[in-house]
Amino acid sequence: MSSVFYRNPNHDYPKGMRGEGVYLYDATGKQYLDGSGGAAVSCLGHGHPDVIAAIKAQLDELAYAHTAFFTSEPQEELAAGLAARFGEEGCRVYFLSGGSEANETAIKIARQYWLAHGHKNKVAIISREQSYHGNTVGALSLSGNPGRREIFAPLLHDWPRIEPCYAYRHQRDGESPEEYGARAAQSLQDAIEEAGADNIAAFIAETVVGATLGAVPPAPGYFRKVREICDRHEILFILDEVMSGCGRTGTYFAFEQDGVVPDIVTIAKGLGGGYQAIGATIVCAEIHDKIVDRFGSFEHGHTYVGHATACAAALAVAGVIDRDHLLENVRETGSLLRSELAAAFAEHPHVGDIRGRGLFIGIELVTDCETKAPAEKALAGRIKQEAMEQGLIVYPGGGTADGAMGAHILLAPPFIYEKSHVDELVGKLRSVLERVL
Ligand SMILES: Cc1ncc(COP(=O)(O)O)c(C=O)c1O
């Protein structure tokens with residue numbers, strides 16, 4: 001009997017033994033094509049020699065030194081690089097161990113910032129239905145994901161949540177994408193008026209919604225309107241790019257394609273690419289300076305904040321992305337994958353929508369393409385299982401339509417995908433859907 005407290009104790013997990021490029025291998029030697037980087041993590045694929053070399057070199061120098069005592073070269077260099085990408089003079093980067101911690105940190109920064117301004121009631125954070133921001137209690141409070149919330153509901157903050165920006169299901173007939181974006185953003189304005197801006201610290205959203213909806217990008221103009229509303233009401237604008245950031249959509253930050261800059265952005269998965277556990281919360285200069293001027297420091301910290309080896313790995317991941325021009329590949333291979341999927345599933349009676357940006361693509365499954373009647377939630381699990389049988393890793397999700405009904409498949413392949421991998425992924429996916437549906 002195993003002593004592991006498994007995610008699902010009733011499931012028989014194959015033992016992962018080896019990773020090489022876009023493939024993983026289990027203990028029987030079976031090969032799996034990685035079509036989702038796990039949960040949009042492995043942006044450089046597996047066993048990347050440059051990242052491994054950087055980690056080994058850092059271990060030889062300094063594995064770890066607590067950041068209450070020391071800073072480190074990789075932490076400084078990684079922060080400088082991320083600040084340059086964020087593009088705002090004086091912005092600051094706080095390193096954590098993952099996405100939930102990054103969003104917890106954003107919640108606390110928002111609170112301390114408004115306290116520094118003397119607004120002690122600006123506490124609540126508005127988020128959206130059909131979203132996911134993490135599994136710790138604060139981050140789960142932000143998450144509009146009924147399945148993940150249900151058991152823990154009594155522990156969670158009861159903060160306002162607005163509707164998602166989800167064109168496939170919520171855009172009305174005769175409404176343009178821009179009109180829909182404006183209408184969806186109006187629900188933020190309405191929620192602020194109802195709760196009172198004096199009680200609201202921030203609004204948080206995933207730039208491109210990941211696991212809950214399956215790579216749903218915002219309608220055009222949506223985030224520009226959100227930015228205006230936040231500014232008008234003195235509410236911080238936080239974007240969660242834990243999944244969609246670090247190049248996944250073809251630009252380093254997904255928000256670069258929406259003509260906005262948030263006050264705070266959180267990143268994680270693709271930052272370390274799975275080589276080390278690392279996340280980050282990036283804040284604009286005004287927020288950092290206000291907190292420091294008023295309080296001296298941000299009242300926060302974890303043991304592994306700014307872990308030197310994790311920072312060295314992330315630095316190497318970002319270095320490879322730049323050196324090998326992988327964002328270009330994300331854009332080109334992403335559009336190739338989109339068009340191959342569209343061609344393969346154009347006539348499929350259960351493929352309702354194919355959407356996304358770059359190498360972040362969602363396929364929503366329905367029982368009827370005309371009426372968009374959602375597939376059953378349990379379909380997601382069956383697809384995952386059949387895909388693994390056929391040597392393919394994809395990341396399906398259930399409850400897409402409204403939390404209770406619907407299913408989608410999330411694809412987030414490594415940035416090193418070539419045409420042959422796209423062909424293999426689409427071929428395998430077609431065979432998986434044939435078997436399951
Ligand atoms: C958008 C988003 N935010 C936050 C998280 C939580 O990140 P982690 O699992 O690293 O704590 C996730 C994880 O899937 C996510 O997709």
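Trp114 is buried, with a relative accessible area of 5%, where buried denotes under 20% relative accessible area, exposed over 50% and partly exposed in between, for a 1.4 Å probe and protein chains only. The model is predicted, so that local features require pLDDT of at least 70 and side-chain atom pairs count only at pLDDT 80 or more, while totals for chains, interfaces and linings use all residues. Residues are numbered from 1 along each chain as its sequence is written, and side-chain values use heavy atoms, with hydrogens and water left out.

The structure contains 10 aromatic pairs, a pair being counted if the ring centres of Phe, Tyr or Trp (its six-membered ring) lie within 6.5 Å, with planes under 30 degrees apart taken as stacked, over 60 as edge-to-face and the rest as tilted. Among them, Phe86 and Phe253 are edge-to-face, because their ring centres are 6.1 Å apart and their planes stand at 85 degrees. Phe86 belongs to helix H3 (residues 73–86) and Phe253 to the loop between strand S8 (236–241) and strand S9 (264–267), so this pair ties together parts that are 167 residues apart in sequence; helices (H or I, at least four residues) and strands (E, at least two) are DSSP runs, numbered from the N terminus. Phe86 is buried at 6% relative accessibility, and Phe253 is buried at 0%.

Arg85 lies over the face of Tyr252, at 4.2 Å from the ring centre, the criterion being NZ of Lys or CZ of Arg within 6 Å of the ring centre and within 35 degrees of the ring normal. Lys122 lies over the face of Trp114, at 4.7 Å from the ring centre.
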